[in-house]
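Take a look at the protein shown here. Follow the chain with your eye before you read on.

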Amino acid sequence: MASVGTRVEYEEVRRVPEAILELRNVSYSYEMRRGGELKVLEGLNLSISYAEFVGIIGPSGCGKSTLMRIMAGLLKPKSGEVIFRGRPLKGPTPRISLMFQVPALFPWYTVLENVMLALIHEKGLTKRDKEEKAKAFLDMVGLSGFETAYPAELSGGMRQRVALARALVSQPDLLLMDEPFSNLDPLTAISLRREIETLWLNQSLPPSSIVMVSHDVEELVEMAERIIVLTDRPARIAGVVEVKLERPRQRRSSEFYDYVDKIYTLLS
């Protein structure tokens, strides 16, 4: 795989202005049991370009996870529309993968079987083909040799790697990540961040584009090219920060903390 330091080499190849996903005036609200509605998102307009890494941050409870589910086709907006690859998004598609905060693994399935679940709709592949493809992606995330293990036998970081392999095995164009590192210890989070960044930097591997929600400002500045800051509920876009730092990014540099300060200013 490509090293993180190759980002500059890929810059001109990967940057494509065409939008892979667009949200057009999207609003969403939840119906309350006692009547009325709880507005979560209001009039959101944003686009994700091909080969782009976008971060999303906002106050707790502002609707970030709801936004990710709308982008994945799991929720239908109350108003507005979602456009994926030039067409309205009507529901979930294998071309968009969503990686949750807590790995949603089936405890009665092995690691290999959990990853193969993402290929259940691939009618053109034999069982052997699916096994080989799943093994290849497990190897990609450093889990070769753990195919027959069960989730309960793995550490938290290893379970999250299984979730990553499952999210990538269908070779999606867009990977959505909802706080994927928040339940990991710091060293494991650093390792997994580097692996995801390396996968994205390598233009021959999926995904093309990544959208990541996080509460960690420094994490987003380290990984994302563009950071969307949301207001409190009902969420609107408070501002957008473009991060123009070479990779690998140095957290201790003054330039790095200039971006951190900009985001905190928008959040406040």
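The paragraphs below go from the domains to their contact, then to the salt bridges, and end with one aspartate.

Keep in mind that this is a predicted model. Begin with the overall division. In their contact, domain 1 takes part with 28 residues and domain 2 with 18 residues.

How much area is buried between domain 1 and domain 2? The value is about 2000 Å², and carbon and sulfur atoms give 65% of it. Charged and polar pairs also occur here. Four salt bridges are counted between domain 1 and domain 2. Ten residue pairs are in polar contact between the two domains, both residues being at pLDDT 80 or more.

Now look at the side of domain 1 that touches domain 2. At least two residues come from each of β1 (16-31), α2 (64-71), β8 (209-213) and α7 (217-223). Strand β8 gives the most to this side, with five residues. Sorted by class, the side has 16 nonpolar, five polar and seven charged residues.

Next come the salt bridges. Side chains of opposite charge can pair when their charged atoms come close. The structure as a whole holds 15 salt bridges. One of them joins Glu22 and Arg24, with the closest N and O atoms 3.2 Å apart.

Arg236 pairs with Glu42, and their closest N and O atoms are 2.8 Å apart. Arg236 sits in the loop between β9 (226-230) and β10 (237-242), while Glu42 sits in strand β2 (residues 37-50), so the pair ties together parts that are 194 residues apart in sequence. Arg236 is partly exposed because its relative accessibility is 40%. Glu42 is also partly exposed, with a relative accessible area of 27%.

Glu218 and Arg251 form another salt bridge, with the closest N and O atoms 3.2 Å apart. Glu218 is in helix α7, and Arg251 is in the loop between β10 and α8 (254-267), so this pair links distant parts of the chain, 33 residues apart. Glu218 is partly exposed at 24% relative accessibility. Arg251 is partly exposed, with a value of 24%. Neither residue stands alone. Salt bridges that share partners join Arg193, Glu218, Glu219, Glu222 and Arg251 into one network. Within it, Arg193 forms a salt bridge with Glu219. The closest N and O atoms of Arg193 and Glu219 are 3.0 Å apart.

Finally, find Asp173. Where is the place of Asp173? Asp173 is in the loop between α5 (156-169) and β7 (174-178). Its relative accessibility is 15%, and buried means under 20%, so Asp173 counts as buried. Which residues does Asp173 touch, not counting those up to four places away in sequence? They are Ile20, Phe84, Arg85, Arg95, Pro207, Ser208 and Ser209.

Definitions and conventions: Residues are numbered from 1 along each chain as its sequence is written. This is a predicted model: local features need pLDDT of at least 70, side-chain atom pairs count only at pLDDT 80 or more; totals for chains, interfaces and linings use all residues. Side-chain values use heavy atoms; hydrogens and water are left out. Helices (H or I, at least four residues) and strands (E, at least two) are DSSP runs, numbered from the N terminus. Buried means under 20% relative accessible area, exposed over 50%, partly exposed in between (1.4 Å probe, protein chains only). Contact means heavy atoms within 4.5 Å. Buried area is the accessible area (1.4 Å probe) that two parts lose on being put together, summed over both. A salt bridge is a side-chain nitrogen of Lys or Arg within 4 Å of a carboxyl oxygen of Asp or Glu. A polar contact is a pair of N or O atoms within 3.5 Å; within protein, one must be able to donate a hydrogen and the other to accept it, and residues adjacent in sequence count only if both atoms are side-chain atoms. Ala, Val, Leu, Ile, Met, Phe, Trp, Tyr, Cys and Pro count as nonpolar, Asp, Glu, Lys and Arg as charged, and the others, Gly among them, as polar.
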